[in-house]
Amino acid sequence: MPVPVSMTGYAGASFATPIGQAAVEVRSVNSRFLDLTLKIADDLRGCEPQIRERISARLARGKVECRLSVQRTFAADSTRLNPAALAGLQRLDEQVRQLLPKAAPLSVADVLAWPGALETPALDADALRSAVLAAVDEALDLLQESRAREGAAIADGLRSRCDGITAIVERLRLRLPEMRVAVERKLTERLNQALGAPLAAAASLTREEVAERIRQEVTLYGLRADVDEELSRLATHVAEVRRVVDSGGAVGRRLDFLMQELNREANTLGSKATAVDLAQSAIDLKLLIEQMREQIQNLE
């Protein structure tokens, strides 16, 4: 089954090149966009454009750092002395001795360190580029596997919290009739105590007319305080979160939007709370949504 992809991961690979043993490391953390930093050895700098293209094609979001280093090897059997450079060095040495007879003679190390004294075979740039890009592809494969594993763990956590939200919604649905009756009874008692006698005395209304007026006020209040619509929207948003998570891939932005919608419904539920249970449920919902939101920040 497809899984969401985390933006956090690490991968590395070592490989041989025509100039020596090299290594590539790729690490990424969460970011709103693709923020790519390359740190490449000078010997491999010519591969930078292709490396950028490969990373940009594979990763959509994240702060990504790619390092490439190389340990040059000295191939003695393929290195030759340059007779022309040595002849020039000899002429210079003779001129120096004419001016400075007591100057120390050149050592072998001095001769080999002279620019151009050694000749090396021409570098096969295509072979070097192929080796580097193959290693980058391998590191990106490993990075994606690492990000997918973490994404799967995050997806499991999101599903678990969706279960928690669904349980709260279902529990509230079962208790809604009971809570409505309790609230209406309590409100009716308070209105009768506060308004019954004054209304009857001031307006010369009958007790039945006062009771009807109170009933209308209670009904109106009950409509404003009804949370059935919020519970339905919470259930709809949770179902959409599950669908998006199960679809896999780069789902971070979509899930982040759904967290905003869930949080809006939880806030509305809390503002309409007419019972302690309802207020506590709104707090529990917001806690679960915040936990989900924090995890979603890590998804691509």
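Me: The expected span of a helix is 1.5 Å multiplied by one less than its number of residues. How do you know what span α2 should have?

Reply: This model is predicted. Helix α2 runs over residues 83-99, which is 17 residues. At 1.5 Å a residue, that should span 24 Å.

Me: What is the result for α6?

Reply: Helix α6 has 20 residues, so it should span 28 Å. Its end C-alpha atoms are 29 Å apart, which agrees. After α6 comes glycine 248, with a positive phi near 70°.

Me: Which residues of α2 are buried, and what puts them on the same side?

Reply: Ala85, Gly88 and Leu89 are the buried residues of α2. Around the axis they cover an arc of only 100°, and therefore they sit on the same side of α2. Pro83, Ala84 and Gln98 are exposed on the other side of α2. The cover over the buried residues of α2 includes α3 (108-113).

Me: What makes asparagine 82 a cap for α2?

Reply: A side-chain oxygen of asparagine 82 lies 3.2 Å from the backbone nitrogen of alanine 84. The cut-off for a polar contact is a pair of N or O atoms within 3.5 Å. Asparagine 82 caps the N-terminal end of α2.

Me: Which residues of α1 are buried, and how do you know that they line one face?

Reply: In helix α1 (residues 48-58), the buried residues are Glu48, Ile51 and Ile55. Seen down the axis of α1, they fall within an arc of 60°, so they line one face of the helix. Glu53 and Ala57 are exposed on the other side of α1.

Me: Why is arginine 147 called buried?

Reply: Buried means under 20% relative accessible area. Arginine 147 has 0% relative accessibility, so it counts as buried. It is found in helix α4.

Me: What is arginine 147 in contact with?

Reply: Neighbours within four places in sequence are left aside here. Among its contacts are Val5, Ser6, Met7, Leu59, Arg61 and Glu300. Its side chain also makes a polar contact of 3.2 Å with the side chain of glutamine 144. Proline 4 is 143 residues away from arginine 147 along the chain, yet their C-alpha atoms are separated by 8.8 Å.

Me: Why is arginine 242 called partly exposed?

Reply: Partly exposed falls between the two cut-offs, under 20% for buried and over 50% for exposed. Arginine 242 has a relative accessible area of 25%, so it is partly exposed. Arginine 242 lies in helix α6. Leaving aside neighbours within four places in sequence, it is in contact with Arg159, Cys162, Asp163 and Thr166. Arginine 159 is 83 residues away in sequence and 6.7 Å away in space, C-alpha to C-alpha.

Me: Why is asparagine 30 called partly exposed?

Reply: Its relative accessible area is 37%, so asparagine 30 is partly exposed. Asparagine 30 is in the loop between β2 (20-29) and β3 (34-40). Asparagine 30 and threonine 8 are 6.1 Å apart, C-alpha to C-alpha, and 22 residues apart in sequence.

Me: What makes a group of residues a nonpolar core?

Reply: The largest nonpolar core has 30 residues. Leu158, Ile165, Leu231 and Met259 are among those with the most contacts inside it. α4 (125-203), α6 (228-247), α7 (252-271) and α8 (276-296) each supply at least two residues of this core. α4 gives the most, with nine residues. Another core, of 29 residues, lies apart from it, and its members include Ala11, Ile51, Ile55 and Ala131.

Me: What does methionine 259 touch?

Reply: Not counting residues up to four places away in sequence, methionine 259 touches Val241, Ile289, Met292, Arg293 and Ile296.

Me: How many helices and strands does the protein chain have?

Reply: It has eight helices and six strands. Of its 300 residues, 34% count as buried.

Notes:
Residues are numbered from 1 along each chain as its sequence is written. This is a predicted model: local features need pLDDT of at least 70, side-chain atom pairs count only at pLDDT 80 or more; totals for chains, interfaces and linings use all residues. Side-chain values use heavy atoms; hydrogens and water are left out. Helices (H or I, at least four residues) and strands (E, at least two) are DSSP runs, numbered from the N terminus. Buried means under 20% relative accessible area, exposed over 50%, partly exposed in between (1.4 Å probe, protein chains only). The arc is that of the directions from the helix axis to the C-beta atoms. Contact means heavy atoms within 4.5 Å. A polar contact is a pair of N or O atoms within 3.5 Å; within protein, one must be able to donate a hydrogen and the other to accept it, and residues adjacent in sequence count only if both atoms are side-chain atoms. A nonpolar core is a set of buried Ala, Val, Leu, Ile, Met, Phe, Trp, Tyr and Cys residues joined through side-chain atoms within 4.5 Å.
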